Amino acid sequence: MQRIVDNFLAVTKESVKTITYESLSNILRLINGLSAVLLSILPGKANILEGIQGWELRPKVRGPRLPRWMENGVSSFNQFVHELSVDFDSLSSSGEHSAEDDVDDYDDAYICPATPLTPNLIFSRATSFAKRERNRRHWLMSIIMFLLIPARIMFGIPFYFCKRIFNKGVRAHTAKYKCVSSANAAKKGMDHVVQRATDRRRGIIEDLHLGIEIVIETIFDVIHHATRCLLSPLESLRMLLRWSSSSSGTRKIDNDDSDAIVPTATLADSDPTPTQKKTNLSNTLNTDSRKCRDVITELGYPYEAINVVTSDGYVLVLERIPRRDSKKAVYLQHGVFDSSMCWVSNGIVGSPAFAAYDHGYDVFLGNFRGLVSREHVNKKLTSRQYWRYSINEHGTQDLPALVEKIHEVKTKELKSSSQLDTNEQPNSDQPYKLCAICHSLGGAAILMYIITRRVENKPHRLSRSIMLSPAGFHHDSPFFFTVIEYVCLWLAPILNPIFPGLYIPTRFFRMIVHKLARDLQNYPAVGGLVQTIMSYLVGGDSSNWVGVMGLPHYNMNDMPGVSFGVARHLAQIKRAKRFVMFDYGSREANMKVYGSPEPLDLGARYNLIDVPIDLVAGMKDKVILPSMIMHHYRLMKDGGVNASYKQFEYAHLDFTFSHREELLEYVMSRLLLVESKHKTLKLKRKEEIMSI
C-alpha cells in the first residue's frame with residue numbers, strides 16, 4: 001500500500017511541475033510574442049537596435065543555431081569518435097591486409113557505412129555473446145541462492161540476534177555523534193545542492209522556476225510524510241522517539257552552523273579532500289557583485305585603492321592600475337549614474353584604462369561622490385545631508401582632492417625611486433605629466449575644475465584633457481530633457497526634500513532591477529522593446545541601455561546615484577543656455593559663495609584654460625548633441641584655447657561601454673602628443689645647457 005501511495009504522489013508531483021513550468025513558459029512566450037508585435041510597429045527601431053547583439057530585425061537565411069557544446073557543426077562526442085576511428089584506421093592500414101580482409105577473418109564483424117566523420121569504422125558482435133554469457137551466469141546463481149534459502153534462515157537468525165546484543169551498548173554510546181554528523185552532512189549537502197543550482201540561474205525567471213520547484217517539493221514532501229504516518233504508525237512513533245532522544249545534540253550543532261558552509265573540491269587538486277567554503281548572500285542569490293577591483297585583478301593587472309577625503313568630509317575611492325616608475329599618468333573620470341567600472345568594462349582589448357596602462361601610463365580611476373553606501377567622515381550624516389550637492393562640488397571639492405592625492409603619490413614615488421631626470425630643474429614641482437580623459441558630466445566637472453583653479457591662482461596639475469561628449473551646454477536637447485528641466489525648476493521645493501538623491505533605495509529592489517536586466521537580455525523581443533522605449537525617451541539615442549543596466553556596478557550592494565542638486569544644476573544650465581555654476585536662488589546666497597549676485601559663467605572664462613583640450617562628439621548621441629560639443633569648441637577657439645574637435649558615429653554610452661578600436665586609437669594618439677611635446681622641451685633644455 002505504501003508503495004502505491006508513493007508512486008501516486010511521485011507521478012502527481014511531476015505532473016504538477018510539468019503543468020506549472022509549461023504554463024509559465026507559455027506566459028513568457030506570449031509576452032515575448034506581443035513585444036515582438038509591438039516592436040515591429042514602432043518606427044525608427046532599426047536605427048536604435050542596430051549593432052546591438054541579440055536583437056536582429058532583418059531576417060537572414062542561415063542554418064540552425066548550434067548549441068555551445070558543438071564547435072564548427074561537430075559535437076564533441078562525434079569529434080571523439082572521429083579521432084578514434086582515425087587512430088583505428090592508421091593501425092589497420094599499417095598491417096599487411098585491409099579492413100575487408102579483417103571482415104573475412106572475423107565472421108562476427110561488420111563495417112559501418114562510410115561517413116565524413118567515420119569513414120570505415122568497424123564494429124564487432126563479440127560483446128553481444130559476452131552479454132549472453134553473463135545472463136546465463138546470473139540465472140544460474142539465482143537458482144542456487146533460491147535453493148539455499150532454508151539454510152540461510154537457519155544460520156541467519158542466531159547471527160542476527162548476537163549482532164543486535166553486541167551492538168546495543170555501542171549504539172547508545174555513539175548515537176549522539178552519529179546524529180550530529182548526519183545533521184551536518186545533510187545541511188552541508190543541501191547547501192551544496194542549492195549553491196550548484198543557483199550558479200546556473202541568471203535572472204528572475206530562473207529564480208521563479210527554482211522557487212516554484214522548492215514549493216512543490218515541500219508540499220509533496222509534507223503530504224508524503226503525513227501519509228506515511230497514517231499507513232505506518234509504529235514506524236512513525238519509532239522515528240519520533242529517536243528524534244526526541246537526539247534533539248539536544250542536533251540543536252547544539254545547528255546553533256554552531258548558522259553560516260552556510262559548503263564542502264568544495266577542485267578538479268585536479270593535489271589534495272581532493274573537500275574544503276570548507278563560506279557562502280555569501282550574493283552567491284546564494286546569484287547576483288554579480290564584482291567591483292572594479294575584481295575586474296582588474298581577474299584580468300591579471302595590478303590594483304591599488306586609495307581613500308581620499310574631500311574638504312567637506314566626503315570619502316572618495318581613487319582606484320589605480322599602478323605603474324609606479326612611470327613619469328606619465330592618466331586620470332579617467334566617469335559621468336552621471338556611472339563609476340570607474342565604465343573604463344574597464346570592455347575587457348583588455350576594448351577598455352581605455354587597460355589600453356593606457358599597456359602604453360606605459362600610470363592609470364588612476366576617479367569616483368565622484370554619490371554612492372548608495374554614503375561614505376563620509378561623519379557617520380551620523382543623514383541621507384538628506386549627504387545628497388546636498390551639485391556639479392559645483394564635483395568640480396571644486398572632488399576633483400581637487402583626487403588630483404592633489406595623485407600629485408602627492410606620484411611625487412613621493414618618483415623621488416623615492418630616484419627617477420627624476422638630471423636635466424630637469426631642481427625646483428620643478430611636478431616631475432610627471434598628468435592627462436585627463438573624461439566622459440559626459442566628468443567633462444563639465446574637469447572644465448569647472450581647471451577654470452576655478454586658475455581663478456584661485458592654484459595649479460591644476462593637468463597637461464592635457466580629452467573630453468568624450470562633455471556636458472556643459474544643453475539648450476539644444478530632446479523634448480524629454482525639456483520636461484525634466486521644467487519639473488526640476490518648478491517643483492524643486494517639493495521634490496528636493498522628498499527625493500534628495502536619485503537612486504534605488506533598498507538592496508531588494510536593486511537586486512530585482514539587476515536581475516530584470518539579465519532577463520531582458522534572455523528574451524530578445526522584450527529587451528528590444530524596452531531598449532526602443534528608453535531610446536525614445538532620450539530622443540532616439542541608440543546606446544545599449546539594457547546592457548548597461550546589467551553591469552556589475554548596478555548591483556544589490558551598491559550603485560552610483562545622482563543628487564537632486566545635480567539634476568537641478570543641469571536644468572539651470574539648460575534654462576540659462578550658458579555653462580554656469582549653481583544658482584543658489586538668491587542674490588545674498590550667490591554673493592556669499594561667488595562674490596557676485598549671479599553665478600560664475602564658466603563659458604565666458606574659457607580663455608583661462610591653459611592646456612590643450614580634445615573634444616569628441618558622437619553623431620548618434622541624442623543626450624548631448626554634437627551641436628553642443630561644437631559650441632564648446634567655438635567658445636574655446638574664441639578664447640585662444642588649443643582645442644581640437646573630432647566626430648565619431650557613436651551614441652552617448654558608446655564612448656565607454658562599447659568596444660571601439662578607432663576611439664582608442666584616437667585617444668592614445670592624443671595622449672602621445674603630450675609625450676612628444678615633453679621630449680621636445682627636454683631637447684631644447686639640453687641644447688640651452690650645452691650652449692651655456
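Predicted model: local features only at pLDDT ≥ 70, side-chain atom pairs only at ≥ 80, totals over all residues.
A salt bridge is a side-chain nitrogen of Lys or Arg within 4 Å of a carboxyl oxygen of Asp or Glu.

**Stop 1: a salt bridge to start with**

Select arginine 453 and glutamate 404. They form a salt bridge, with the closest N and O atoms 3.4 Å apart. Now colour their helices: arginine 453 sits in helix H16 (residues 441-455) and glutamate 404 in helix H15, so the pair links distant parts of the chain, 49 residues apart. Is arginine 453 buried or exposed? Its relative accessibility is 10%, so arginine 453 counts as buried. Glutamate 404, at 24%, counts as partly exposed.

**Stop 2: the whole chain**

Zoom out. The protein chain has 692 residues, and 39% of them count as buried. Show the cartoon and you'll have 26 helices and 16 strands to look at. Among contacts with a separation of 6 or more, 75% are between residues 24 or more positions apart.

**Stop 3: the sheet**

Next, select the strands of the eight-stranded open sheet. Going across, the order is S7-S8-S10-S9-S11-S12-S15-S16, with mixed pairing. Which strands are at the edges? Strand S7 (304-309) and strand S16 (643-648) are, each pairing on one side only. On average, neighbouring strands here are turned by 20° against each other, direction ignored.

Helix H15 (residues 391-416) packs on this sheet, where it touches S7, S8, strand S9 (328-333), S10 and strand S11 (433-439). The direction of H15 makes about 45° with that of S8.

Strands of a sheet pair through backbone hydrogen bonds, either parallel or antiparallel. You can see each kind here:

- Strand S8 (residues 315-321) and strand S10 (residues 362-366) run antiparallel, joined by three bridges. Glutamate 319 has leucine 365 as its bridge partner in S10.
- Strand S12 (residues 464-468) and S15 run parallel, with four bridges between them. Look for serine 465 opposite isoleucine 613 in S15.
- S15 also pairs with S16 in the parallel sense, over six bridges. Here aspartate 614 stands opposite serine 644 in S16.

Stay on S15 for a moment. How many of its six residues are buried? Six of the six are. Both faces are covered, with Ile613, Leu615 and Ala617 on one side and Asp614, Val616 and Gly618 on the other.

**Stop 4: more charged pairs**

Side chains of opposite charge can pair when their charged atoms come close. A search of the whole structure finds 22 salt bridges. Select lysine 410 and aspartate 362, whose side chains meet in one of 3.0 Å, N to O. Lysine 410 belongs to helix H15 and aspartate 362 to strand S10, so this pair ties together parts 48 residues apart in sequence. Lysine 410 is buried, with a relative accessible area of 0%, and aspartate 362 also counts as buried at 0%.

Then try lysine 574 and glutamate 485, where the closest N and O atoms are 3.1 Å apart. Lysine 574 lies in helix H22 (residues 564-576) and glutamate 485 in helix H17, so parts 89 residues apart get tied together. Lysine 574 and glutamate 485 are both buried.

**Stop 5: a greasy patch and a hidden leucine**

A nonpolar patch of about 1,100 Å² includes Val336, Phe337, Tyr486, Trp490 and Leu502. H17 gives the largest share, five residues. Tryptophan 490 lies in H17, and at 62% relative accessible area it is exposed.

For contrast, select leucine 602, in the loop between helix H23 (587-594) and strand S15 (613-618). At 0% relative accessibility, leucine 602 counts as buried. Leaving aside neighbours within four places in sequence, leucine 602 is in contact with Met448, Ile451, Phe579, Val580 and Met581. Draw a distance to leucine 447, which is 155 residues apart from leucine 602 along the chain: the C-alpha atoms are separated by 8.1 Å.

Conventions:
Residues numbered from 1 in each chain as written. Heavy atoms only, no water. Pairing = 2+ DSSP bridges. Helix = DSSP H or I, 4+ residues; strand = E, 2+ residues; numbered from the N terminus. Axes fitted to C-alpha atoms, helices over the stretch in contact; angles between N-to-C directions. Contact = heavy atoms within 4.5 Å. Buried < 20%, exposed > 50% of the residue type's maximum accessible area, 1.4 Å probe, protein only. Patch = residues over 30% accessible without salt bridge, like charges linked within 9 Å, V, L, I, M, F, W, Y side chains within 5 Å. Areas by Shrake-Rupley, 256 points an atom, 1.4 Å probe, with all protein chains shown as cover.
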